[in-house]
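Welcome, and please take a moment to look over the sequence and the 3D view. The briefing below then walks through the structure topic by topic.

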Number of protein chains: 2
Amino acid sequence: MVRGALQMATADSDPGRVLSVQSHVAYGYVGGKAATLPLQLLGYDVDNVNTVDFSNHSGYNRIGGTKATAEELERMFSVMEQNGLLSPTRVLTGFIFGAEALSIVARTVTKLLQNDPNIVYLLDPVMGDANRLYVSRDVIPLYRSLLPKASIITPNWFEVETLTDTKIEDGASLHKALMILHETYSVPNVVISSIPLEQWLRDLTPPHIRFPVSDDEQSLLCLASVRVANGGSTPGYRPSTVYAACVPLIPGYFSGVGDLFSALVLGHYDDASSAPAPLPPLPRAVSLALTKTHAILRLTEKYASSLPPDERTTTDDELDGKDPDRRIRRMRGRELRLVQGRKILSGEAIGEVRQLKKWADFWGPK
Amino acid sequence: MVRGALQMATADSDPGRVLSVQSHVAYGYVGGKAATLPLQLLGYDVDNVNTVDFSNHSGYNRIGGTKATAEELERMFSVMEQNGLLSPTRVLTGFIFGAEALSIVARTVTKLLQNDPNIVYLLDPVMGDANRLYVSRDVIPLYRSLLPKASIITPNWFEVETLTDTKIEDGASLHKALMILHETYSVPNVVISSIPLEQWLRDLTPPHIRFPVSDDEQSLLCLASVRVANGGSTPGYRPSTVYAACVPLIPGYFSGVGDLFSALVLGHYDDASSAPAPLPPLPRAVSLALTKTHAILRLTEKYASSLPPDERTTTDDELDGKDPDRRIRRMRGRELRLVQGRKILSGEAIGEVRQLKKWADFWGPK
């Protein structure tokens with residue numbers, strides 16, 4: 001309503017405010033620290049409710065700080081509500097420590113969506129990675145019960161398997177997992193980034209989506225699946241329309257990449273200020289998020305590889321075991337270069353957008 | 001050392017990292033939330049150690065959240081140190097809850113400065129305002145003992161009086177207070193912003209510094225005082241060189257303005273990327289900080305005055321008493337428009353810089 005005058009003053013649109021519920025770290029960029037600046041650079045006010053307040057991410061092994069108890073989170077949300085400060089247009093939830101805290105968050109999000117069904121809710125069900133769960137198992141049913149509230153979810157491969165209780169090892173199991181998310185849990189938008197392109201998946205992926213490099217082992221698949229409304233009642237039934245792209249793998253481990261990516265997907269979803277493109281809202285948002293995340297990663301890798309030799313150690317558990325500081329030095333050098341890449345994040349310097357492409361035959365030929 | 005290559009990639013310099021030790025609020029912009037984005041937009045990495053983690057600032061009356069205990073802060077700093085993450089090039093301390101926590105912060109800052117005397121430390125001795133102390137009295141001696149460590153301090157008028165134990169009511173007492181800060185406490189740079197231009201001060205302030213408006217009651221004085229090295233041994237002795245400017249008062253109360261201003265002073269101090277100006281580092285930094293802070297305030301006021309009538313209530317304790325939500329609505333509408341003003345903060349859209357001018361006869365005629 002009042003946006004016209006302000007736009008003139010600031011030469012920018014006012015896309016709204018994001019309630020971001022995730023971890024805080026003093027040093028480095030994971031969780032809320034990886035999400036906040038990127039969203040602010042897209043014009044969002046960001047309300048940060050910290051689920052933990054730590055010195056650094058867990059990759060450093062040694063961590064200081066505190067976790068918010070369920071009671072503390074409940075009180076925080078309750079006071080914000082009483083003060084009329086729970087007024088987001090979008091909600092982003094990421095790492096939440098433990099089932100009790102998660103159920104408080106779930107209750108708050110449910111209430112918010114009941115009051116305003118237009119809120120866009122991105123749920124990143126942070127539970128684990130690479131076949132390892134790093135939360136207790138009792139959060140799994142809670143995340144499942146939250147799925148139907150989400151506008152967009154951004155699980156990784158392992159989290160999809162965990163949520164759907166499906167080991168994904170071929171086309172049929174991949175179909176089944178996506179079907180469970182779209183139909184059993186009614187999720188309209190599913191984004192799975194960074195899928196290792198194993199042989200069966202490579203064989204499945206059509207050439208126009210596979211990245212045009214000779215060695216496919218070195219690329220990752222990013223998949224965006226948009227539920228087809230009332231798909232079940234049409235002939236040639238398809239649960240979703242699938243879009244995908246491959247990105248070159250950047251070797252080594254960088255923390256906070258998923259948190260950055262999720263924030264960008266939410267920030268760009270249905271964003272009126274984004275340039276018009278021939279893609280629907282989800283694949284367009286994912287294209288921009290993928291492009292920016294990859295550019296930040298490249299900037300980070302470039303920085304890491306410019307450090308003195310003992311600051312840029314390779315991932316090697318054996319050597320790390322002999323010298324605990326070796327791992328810490330590597331972590332430090334690999335913190336995302338968000339501040340240095342702020343023109344990437346704002347979109348002023350991203351170059352060509354890595355567009356997702358439609359995977360027409362994903363569910364089989366028509 | 002590695003900055004050259006990165007500058008090309010990002011078209012920006014890398015000025016370093018700021019350790020910011022202050023309050024966090026989920027909603028709105030005070031403390032760390034008012035400091036972080038402005039510093040990031042100047043290119044600094046910001047390490048945020050939260051002294052409190054609150055739902056909102058105290059102006060809302062109702063607050064949820066937690067305070068970090070002295071033990072928690074100590075553990076946080078200790079783990080950061082062990083992980084090699086206490087490596088700032090600049091330090092910013094603001095609101096710290098209680099003497100115990102403040103002494104932990106003081107010890108950490110002292111250690112950091114011993115290890116690296118080149119660290120620029122801005123101390124904002126947040127204690128109170130308008131003749132009201134909002135911390136316990138036992139923090140006063142702690143702040144006094146921290147003064148000699150600071151590169152820059154940004155007390156308000158009341159905090160200057162409290163630190164120097166001097167009621168400032170004329171030129172002589174103002175001289176005395178500044179002398180105590182520069183000489184007894186060896187502070188090289190003192191910045192006092194937002195000084196109400198009472199009659200005696202208006203009479204004292206030379207015309208080239210007074211703002212060229214008819215009604216001087218509506219302006220505030222900002223004063224930057226740079227200690228003269230070895231001033232004591234020269235004839236015509238002056239403890240400092242004083243620069244000043246007047247800014248028009250924007251009516252009503254806005255929270256976080258001092259926190260924003262201090263962050264910008266630190267960010268712009270001795271900043272190689274700032275355009276060259278005929279001013280020394282302190283008054284140049286203060287000129288930029290003043291210009292940006294004032295522009296953000298104008299943007300915020302413009303937004304607040306565009307809200308529906310019941311969201312833009314005037315400051316009126318009597319009416320607030322009858323309707324507690326009245327105050328809350330006012331606070332909400334007056335949160336600083338930092339995100340919307342990010343082109344002001346980055347310097348892309350600030351217009352003419354409000355330059356501080358030298359106050360040659362501040363200490364009396366030569």
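A residue is called buried when its relative accessible area is under 20%, exposed when it is over 50%, and partly exposed in between, using a 1.4 Å probe and protein chains only. By that scale Asp165(B), at 64% relative accessibility, counts as exposed.

This is a predicted model, in which local features need pLDDT of at least 70 and side-chain atom pairs count only at pLDDT 80 or more, while totals for chains, interfaces and linings use all residues. Residues are numbered from 1 along each chain as its sequence is written, chains are lettered from A and ligands numbered from 1 in the order in which they are written, and side-chain values use heavy atoms, with hydrogens and water left out.

**Chain A as a whole**

- Chain A has 13 helices and 12 strands; these are DSSP runs, with helices (H or I) of at least four residues and strands (E) of at least two, numbered from the N terminus.
- The radius of gyration of chain A is 20 Å, close to the 21 Å that the globule rule gives for 366 residues, so chain A is as compact as a globular protein of that length. The radius is taken over C-alpha atoms, and the rule is 2.2 Å times the number of residues to the power 0.38.
- Along its principal axes, the C-alpha trace of chain A spans about 60 × 55 × 50 Å.
- Of the 366 residues in chain A, 59% count as buried.
- Among contacts in chain A with a separation of 6 or more, 73% come from residues 24 or more positions apart; a contact means heavy atoms within 4.5 Å.
- The 38 positive and 41 negative charges of chain A have mean positions 3 Å apart. Lys and Arg count as positive and Asp and Glu as negative, leaving out His and the chain ends; each charge is placed at NZ of Lys, CZ of Arg, CG of Asp or CD of Glu.

**How the two copies are related**

- A rotation of 180°, with 0.0 Å of shift along its axis, superposes chain A on chain B with an RMSD of 0.0 Å. The two copies are thus related as by a two-fold rotation axis.
- In chain A, the C-alpha nearest the axis belongs to Leu37(A), 3.6 Å from it.
- Both copies use the same surface: 100% of the contact residues of chain A recur in chain B.
- The superposition is by least squares on the C-alpha atoms of residues with pLDDT of at least 70 in both copies.

**A mostly covered helix in chain B**

- Helix H12 of chain B, residues 324–333, has 7 of its 10 residues buried.
- The buried residues of H12(B) include Arg326(B), Ile328(B) and Met331(B).
- Helix H10 (281–305) and helix H11 (317–322) of chain B are among what covers the buried residues of H12(B).

**Two loop residues with positive phi**

- Asn131(B) sits in the loop between strand S6 (128–129) and strand S7 (132–133) of chain B. Its phi is positive, about 65°, although Asn131(B) is not a glycine.
- Asn131(B) is exposed, with a relative accessible area of 57%.
- Asp165(B) is in the loop between helix H6 (157–164) and helix H7 (171–184) of chain B. Phi of Asp165(B) is near 55°, a positive value in a residue other than glycine.

- Leu356(B) lies in the loop between helix H13 (342–346) and strand S12 (357–358) of chain B, and at 3% relative accessibility Leu356(B) counts as buried.
- Not counting residues up to four places away in sequence, the residues that Leu356(B) touches include Ala224(B), Tyr243(B), Leu279(B) and Leu290(B).
- Gln218(A) is in the loop between helix H8 (199–204) and strand S10 (219–227) of chain A, and at 40% relative accessibility Gln218(A) counts as partly exposed.
- Leaving aside neighbours within four places in sequence, Gln218(A) is in contact with Val247(A), Pro248(A) and Leu249(A).
- Leu142(B) belongs to helix H5 (residues 139–146) of chain B. Beyond its neighbours within four places in sequence, Leu142(B) is in contact with Ala99(B), Leu102(B) and Ser103(B).
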